[in-house]
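Subject: Structure handover

Hello,

Here is the structure I promised to pass on. Please open it before reading my notes.

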Amino acid sequence: MKNTPRSSSPSPKKIKLTLGGPEKIQLGDGTMNPNIKAQCYKVISALKRKQHLEIKWFLKPVYDPIVIDDYKAKIKNPMDLSTLTSKLDKNTLTQVSEFASDLRQIFGNCLLFNALAGDSFRPVAQSMANASEELMHLLIQQHSATSIYPKLLYCWKMCLQIIDKALELKNPDDGYPTIHYFLHPVSFFFGGGFPPEYFEK
């Protein structure tokens with residue numbers, strides 16, 4: 001996700017988490033409370049430490065004038081770590097599941113926007129997503145006997161690998177990426193609406 005023009009591309013960093021065992025923390029049923037809120041702050045803080053080289057791309061909203069119009073057209077629910085932290089500060093989040101959803105949205109948006117084969121931001125977003133899932137498990141879920149936020153599909157990493165392979169496919173006639181017209185809703189290619197005959201077919 002390109003927040004500002006940069007002269008260098010990001011490079012993914014393999015994460016090794018070394019956090020200790022779970023402490024006895026009363027998290028309740030997943031409703032946001034002071035204990036859960038504190039753990040959410042810890043997730044963000046730990047993510048910044050563990051991913052200190054890549055985290056810069058996700059700290060602030062996208063504002064790069066070169067891509068902002070295209071970004072707004074493709075990304076309907078923008079999210080970044082400063083906005084997520086602000087939602088915690090203002091007690092906007094009522095469930096830990098909302099925190100998990102917003103955190104996942106950050107890196108999902110990056111994958112959606114940077115949808116070209118070989119894009120250097122894709123492995124970075126995948127690395128960040130993996131680290132965030134591990135941290136949420138260690139700092140939040142592991143302290144609860146029941147599931148307090150939705151888990152990702154067990155094979156989500158494999159799914160991303162399949163998508164990356166699909167992004168590499170090209171039309172034999174013109175060499176254009178085959179998947180291009182399937183990356184966004186039909187309305188995206190028609191100025192936000194649908195062609196008159198679309199629903200007739």
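My notes on the fold and its cores follow.

Bear in mind that this is a predicted model.

Start with the overall fold. The chain has 6 helices and 0 strands. Along the sequence, the pattern reads α-α-α-α-α-α. Of the 201 residues in the chain, 40% are buried. Take the contacts between residues at least 6 apart in sequence: 70% of them join residues at least 24 apart. The accessible surface of the chain is about 11,900 Å². Carbon and sulfur atoms account for 57% of that surface.

Now the interior. In soluble globular proteins, nonpolar side chains tend to be buried together. The largest nonpolar core here has 38 residues. Which residues have the most contacts inside it? They are Phe58, Phe99, Leu103 and Ile140. Five helices each supply at least two residues of this core: H1 (34-50), H3 (81-89), H4 (96-113), H5 (121-139) and H6 (156-167). The largest share comes from H5, with 9 residues.

Ile140 is then in contact with Leu27, Gln39, Cys40, Val43, Val96, Phe99, Leu135, Ile148 and Tyr149. One of these, Phe99, is also listed with Ile140 among the residues with the most contacts inside the core.

There is another core, apart from the largest one. This one has 6 residues, including Val67, Ile68, Ile75 and Phe113.

Best wishes

Methods
Residues are numbered from 1 along each chain as its sequence is written. This is a predicted model: local features need pLDDT of at least 70, side-chain atom pairs count only at pLDDT 80 or more; totals for chains, interfaces and linings use all residues. Side-chain values use heavy atoms; hydrogens and water are left out. Helices (H or I, at least four residues) and strands (E, at least two) are DSSP runs, numbered from the N terminus. Buried means under 20% relative accessible area, exposed over 50%, partly exposed in between (1.4 Å probe, protein chains only). Contact means heavy atoms within 4.5 Å. Accessible areas come from the Shrake-Rupley method with a 1.4 Å probe; for residues, only the protein chains shown count as cover. A nonpolar core is a set of buried Ala, Val, Leu, Ile, Met, Phe, Trp, Tyr and Cys residues joined through side-chain atoms within 4.5 Å. Lists of a residue's contacts leave out its neighbours within four places in sequence.
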